[in-house]
Amino acid sequence: MPFARLAAATTPTCHIGLGLAAVGRPGYINLGRDRDLGENRSADSLRARTHELLDAAYAQGVRYFDVARSYGRSEEFLADWLHARPDVDDVVVGSKWGYTYTAGWSTDAEKHEVKDHGLATYERQRAETDTLLGDRLDLYQIHSVTPDSPALTDKELHARLAEAAAGGLTVGFSTSGPAQAEAVRAALAVTVGGEPLFRTVQSTYNALETSVAPALAEAHEAGLTVIVKEGMANGRLAAPHAPEALRAVAEESGLGCDAVALAWILRRPWTGVVLSGAATLDQLVSNLHAPAVDLDEEPLARLDALAEEPGAYWERRGQLPWH
């Protein structure tokens, strides 16, 4: 598995990855986006910003980079960066298929992405990803699997994914929504030829949304690499939006709310990689302080108490506007 490369890394940041959802397209649902990106959101501007973040992350020991077909031009931006740096041969690159970007580089489109987990979408998007990333792609994930996703039962799709895995590509899936735990467990049961199909899982997990934790522990026990996304709850755990308890722990630690929020995730024994969704260099630098945060039982208990009911959490997330 490509993530075995991370096991050999010695930097404290080897378990932090950089996701490009926030910088691969002009619109996204993160709080504070107007402040982070400003008015210039041309493709050239976001390409330059992405490359700046990738350079800084790589220099600080980050070795996993995460994109998706629906993250605007994120695959293209990452591919350009990799092409310009042929000496960078120690990174793990993951992308996702299953959503199609439909916003046309606008922040006020009626629909920003359309979901389809059918075989035809896989074939089309796999070809698109291959055109951009080629043999630099290590991991291809089904994007946002839910318990009712046809990707869990489509035997023809499973056969095609197993064929890709036999060719050296790691196959994984991501989850979203209040039934993440059910989706994870259903995916763990998918086999081809008696062998488990999926080798990684990427789920939303943070101090406000913890419901998937037992299922992720089971996935880890089954040998999957666990990738955590939305560790900042789309900005709700970052200053100035962070809950009072998180702000207090951050003040005691002398580091940012974001570093503490990510450190809380890193403390989970099943965590493989935690994604930073930084849109600015300052955010990235602050995120990368997470391994330095020392959390003992008392502050951990205060942060544990922040968990919300999953339905309420996902309802609020669904109401976040695209900025």
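Buried here means under 20% relative accessible area, exposed means over 50%, and partly exposed is anything in between, with a 1.4 Å probe and protein chains only. Helices (H or I, at least four residues) and strands (E, at least two) are DSSP runs, numbered from the N terminus. This is a predicted model, so local features need pLDDT of at least 70 and side-chain atom pairs count only at pLDDT 80 or more, while totals for chains, interfaces and linings use all residues. Residues are numbered from 1 along each chain as its sequence is written, and side-chain values use heavy atoms, with hydrogens and water left out.

**Helix α8**

- In helix α8 (residues 213–221), the buried residues are A213, A215, L216 and A219.
- They sit on the same side of α8 because they cover an arc of only 160° around the axis; that arc is taken from the directions from the helix axis to the C-beta atoms.
- The cover over those buried residues includes α7 (180–188), β10 (200–204) and β11 (225–229), where contact means heavy atoms within 4.5 Å.
- After α8 comes G223, which has a positive phi, near 100°.

**Helix α9**

- L246, V249 and A250 are the buried residues of helix α9 (residues 244–253).
- Their arc around the axis is only 100°, which puts them on the same side of α9.
- Turned away from that buried side is a face with the exposed residues E244, E251 and E252.
- Among the elements covering the buried residues of α9 are α10 and α12 (297–304).
- G254 follows α9, and its phi is positive too, near 80°.

**Salt bridges**

- The structure holds 22 salt bridges, each being a side-chain nitrogen of Lys or Arg within 4 Å of a carboxyl oxygen of Asp or Glu.
- One of them pairs D55 with R85, with the closest N and O atoms 2.9 Å apart.
- That pair links distant parts of the chain, 30 residues apart: D55 is in helix α3 (residues 43–59), and R85 is in the loop between α4 (74–84) and β3 (92–97).
- D55 counts as partly exposed, at 33% relative accessibility.
- Another bridge joins the side chains of R160 and E123, at 2.7 Å from N to O.
- R160 lies in helix α6 (residues 155–166) and E123 in helix α5 (residues 119–133), so this bridge ties together parts that are 37 residues apart in sequence.
- Both ends are partly exposed: R160 has a relative accessible area of 26%, and E123 is at 30%.
- E218 and R185 also form a salt bridge, and their closest N and O atoms are 2.8 Å apart.
- Here E218 of helix α8 is linked to R185 of helix α7, 33 residues apart.
- E218 is partly exposed at 35% relative accessible area, and R185 is partly exposed at 37%.

**Nonpolar cores**

- A nonpolar core is a set of buried Ala, Val, Leu, Ile, Met, Phe, Trp, Tyr and Cys residues joined through side-chain atoms within 4.5 Å.
- The largest one has 91 residues, and L78 and F198 have the most contacts inside it.
- Helix α10 (residues 257–266) gives the most to this core, with 8 residues.
- Setting aside neighbours within four places in sequence, F198 has contacts that include I142, L161, F173 and L224.
- There is also a second, separate core of 8 residues, with L6, Y64, V92 and L275 among them.

**Aromatic rings**

- The structure holds 10 aromatic pairs; rings of Phe, Tyr and Trp (its six-membered ring) pair if their centres lie within 6.5 Å, and planes under 30 degrees apart count as stacked, over 60 as edge-to-face and the rest as tilted.
- Y205 and W264 are a stacked pair, 5.2 Å centre to centre with 15° between the planes.
- Y205 is in the loop between β10 and α8 and W264 is in helix α10, 59 residues apart.
- Y313 and W314 pair edge-to-face, at 5.4 Å centre to centre and 80° between the planes, and both are buried.
- Y58, F65 and W81 make up one aromatic cluster.
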